[in-house]
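Please keep the sequence and the structure in view while reading.

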Amino acid sequence: MTRQRIVFYADSPKRASAFRELLASYGIDATVESDTGRRAARDLETECPRVLVSEDDYEFAYERSEEHTSELQ
């Protein structure tokens, strides 16, 4: 089994999915994961989505994440 690494942290599930789809267009299999946490002050659940890729695809995917992030700003 190939080890997976986090390549992108998103501020929403929609952005994480969009980046996963971008990687798929390059033939890279990616996974979106999120944790459900609680904000102590408001006691609201929040998601912290991240995109993971295999160790073999990490370098290329990381370069795409840098481009993707700069396009969002």
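This is a predicted model: local features need pLDDT of at least 70, side-chain atom pairs count only at pLDDT 80 or more; totals for chains, interfaces and linings use all residues.

Ser65 counts as buried because its relative accessible area is 3%, under the 20% cut-off. Leaving out residues up to four places away in sequence, Ser65 touches Val7, Phe8 and Phe19. The C-alpha atom of Ser65 is separated by 9.5 Å from that of Leu22, although the two residues are 43 residues apart along the chain.

His68 also has its place in helix H2, and with a relative accessible area of 10% this residue is buried. Once its neighbours within four places in sequence are set aside, His68 is in contact with Phe8, Arg15, Phe19 and Leu22.

## Helix H1 and its buried face

Helix H1 is made up of 13 residues (residues 13-25), which at 1.5 Å a residue should span 18 Å, and the 19 Å between its end C-alpha atoms agrees with that expectation. Which residues of H1 are buried? They are Ala16, Phe19 and Leu23, and because the buried residues of H1 fall within an arc of 65° when seen down the helix axis, they line one face of the helix.

Lys14 and Ser25, on the other side of H1, are exposed. After H1 comes Gly27, a residue whose phi is positive, near 85°.

## Aromatic pairs and a charge over the rings

The count of aromatic pairs comes to 3. One of them joins Tyr26 and Phe60 edge-to-face, with 5.2 Å from centre to centre and 75° between the planes. Since Tyr26 lies in the loop between H1 and strand S2 (30-33) while Phe60 lies in helix H2, this pair ties together parts that are 34 residues apart in sequence. Tyr26 is partly exposed at 44% relative accessibility, and Phe60 is likewise partly exposed, at 35%.

Another pair, formed by Tyr58 and Tyr62, is stacked, with the centres 5.9 Å apart and 25° between the planes. Both of these tyrosines lie in helix H2, 4 residues apart, or about one turn of the helix. Tyr58 is buried, with a relative accessible area of 17%, whereas Tyr62 is partly exposed at 37%.

Arg64 is placed over two rings: its charged end sits over the ring of Tyr26, 5.7 Å from the centre, and Arg64 also lies over the face of Phe60, at 4.2 Å from the ring centre.

## Salt bridges

The structure holds 6 salt bridges, among them one in which the side chains of Glu55 and Arg5 meet at 3.2 Å, N to O. Because Glu55 lies in the loop between strand S5 (50-54) and H2, and Arg5 in strand S1 (residues 4-9), the pair ties together parts that are 50 residues apart in sequence. Glu55 is partly exposed, with a relative accessible area of 32%, and Arg5 is partly exposed at 28%. A network of salt bridges links Arg3, Arg5 and Glu55.

A further salt bridge joins Asp11 and Arg15, whose closest N and O atoms are 2.8 Å apart; here Asp11 is exposed at 60% relative accessibility, while Arg15 is partly exposed at 33%. The side chains of Arg50 and Glu33 also meet in a salt bridge, at 3.8 Å from N to O. With Arg50 in strand S5 and Glu33 in strand S2, that pair ties together parts that are 17 residues apart in sequence. Arg50 counts as buried at 12% relative accessibility, whereas Glu33 is partly exposed, with a relative accessible area of 33%.

Conventions:
Residues are numbered from 1 along each chain as its sequence is written. Side-chain values use heavy atoms; hydrogens and water are left out. Buried means under 20% relative accessible area, exposed over 50%, partly exposed in between (1.4 Å probe, protein chains only). Contact means heavy atoms within 4.5 Å. Helices (H or I, at least four residues) and strands (E, at least two) are DSSP runs, numbered from the N terminus. The expected span of a helix is 1.5 Å times one less than its number of residues. The arc is that of the directions from the helix axis to the C-beta atoms. Rings of Phe, Tyr and Trp (its six-membered ring) pair if their centres lie within 6.5 Å; planes under 30 degrees apart count as stacked, over 60 as edge-to-face and the rest as tilted. A charge sits over a ring if NZ of Lys or CZ of Arg is within 6 Å of the ring centre and within 35 degrees of the ring normal. A salt bridge is a side-chain nitrogen of Lys or Arg within 4 Å of a carboxyl oxygen of Asp or Glu.
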